[in-house]
Amino acid sequence: MNPIKNQGMFLETLLNITHQKYIDNNDCVVSKIPTNILPISTKNNQITNAKFKNSINCDYIGVYKGIYFEFEAKETYKDYFDFHLIRKNQNEKMKLVTSNKGIAFLIIYFGNYEEFFLVNYLTLITWVNKNKKTIPYEWFLDNAYQIYLDSEFKLNYLPKLNFLIN
């Protein structure tokens with residue numbers, strides 16, 4: 001698959017399609033949380049320089065089978081995922097969600113392999129705390145759930161989310 005030039009937009013586009021289909025079919029409710037930025041400079045009504053404002057939310061929040069969930073969507077075009085891509089506030093929010101009996105997870109696209117994975121936040125953070133902050137692709141094969149695009153460009157992750165609920 002050819003990703004969109006802005007890293008992160010390929011996966012985000014697929015997830016937005018997926019979430020609209022979930023809502024249309026009343027499968028679950030998911031909302032994209034906009035990135036909270038502070039514009040520093042603009043040119044021709046476009047932001048040319050900005051910085052992140054403090055925000056506690058992750059990329060997406062939702063409710064499925066009466067359970068609150070929150071997740072981050074990340075892309076990598078390396079043979080590993082760099083945990084440093086998770087901002088401190090996002091990490092703190094996922095800890096908070098899990099401590100309140102919600103579900104926190106990540107969906108990661110490995111562009112070099114054209115593969116998508118759903119990984120439980122607690123599984124990932126346990127590995128990161130015991131090892132290093134770069135998690136090899138092979139680790140995801142053994143410790144995460146692979147998810148697939150269907151013919152309608154839906155990245156159906158709900159069947160894998162069921163494993164995190166049970």
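Helices (H or I, at least four residues) and strands (E, at least two) are DSSP runs numbered from the N terminus, and the legends below use these names. The model is predicted, so that local features need pLDDT of at least 70 and side-chain atom pairs count only at pLDDT 80 or more, while totals for chains, interfaces and linings use all residues. Residues are numbered from 1 along each chain as its sequence is written, and side-chain values use heavy atoms, with hydrogens and water left out.

**View 1. The whole chain and its secondary structure.** The chain contains 5 helices and 10 strands. Of its 166 residues, 39% count as buried, where buried means under 20% relative accessible area, exposed means over 50%, and partly exposed lies in between (1.4 Å probe, protein chains only). The chain exposes about 9,600 Å², of which carbon and sulfur atoms supply 49%; accessible areas come from the Shrake-Rupley method with a 1.4 Å probe, and for residues only the protein chains shown count as cover. Among the contacts with a separation of 6 or more, 61% join residues 24 or more positions apart, a contact being heavy atoms within 4.5 Å.

View 2. Six strands, in the order β1-β4-β5-β7-β8-β10, form an open sheet with mixed pairing, two strands being paired if DSSP finds at least two bridges between them. The edge strands, β1 (29-32) and β10 (145-147), each pair on one side only. From one strand to the next the twist averages 25°, with axes taken as lines fitted to C-alpha atoms, for helices over the stretch in contact, and angles running from 0 to 180 degrees between N-to-C directions.

View 3. Strand β7 (residues 103-110) and strand β8 (residues 115-120) pair in the antiparallel sense over 6 bridges, and isoleucine 107 has leucine 118 in β8 as its bridge partner. Helix α3 (residues 121-130) packs on the sheet, where it touches β7 and β8, and its direction makes about 85° with that of β8. The hairpin that β7 and β8 form has 4 residues between the strands, and glutamate 114 in the turn has a positive phi of about 55°. β8 also pairs with β10 in the antiparallel sense, over 3 bridges, and the bridge partner of phenylalanine 117 in β10 is glutamine 146. Strand β8 is mostly covered, with 5 of its 6 residues buried.

**View 4. Helix α1 and its buried face.** The 16 residues of helix α1 (residues 9-24) should span 22 Å at 1.5 Å a residue, and its end C-alpha atoms are 22 Å apart, which agrees; the expected span of a helix is 1.5 Å times one less than its number of residues. Phe10, Leu11, Leu14, Leu15, Thr18, His19 and Tyr22 are the buried residues of α1. Seen down the axis of α1, these buried residues fall within an arc of 160°, so they line one face of the helix, the arc being that of the directions from the helix axis to the C-beta atoms. They pack against β1, β4 (60-64), β5 (67-76), β7, β8 and α5 (158-165). Just after α1, asparagine 26 takes a positive phi of about 55°.

**View 5. Helix α2 and the residue that follows.** Gln90, Asn91, Lys93, Met94, Val97 and Thr98 are buried in α2. Down the axis of α2, its buried residues fall within an arc of 160°, so they line one face of the helix, whereas Lys88 and Ser99, on the other side of α2, are exposed. The cover over the buried residues of α2 includes β5, β7 and α3. Lysine 101 follows α2 and has a positive phi, near 70°.

**View 6. Two loop lysines with positive phi.** Lysine 65 is found in the loop between β4 and β5, and its phi is positive, about 55°, although it is not a glycine. At 58% relative accessibility, lysine 65 counts as exposed. Lysine 101 lies in the loop between α2 and β7, and lysine 101 is likewise exposed, with a relative accessible area of 75%.
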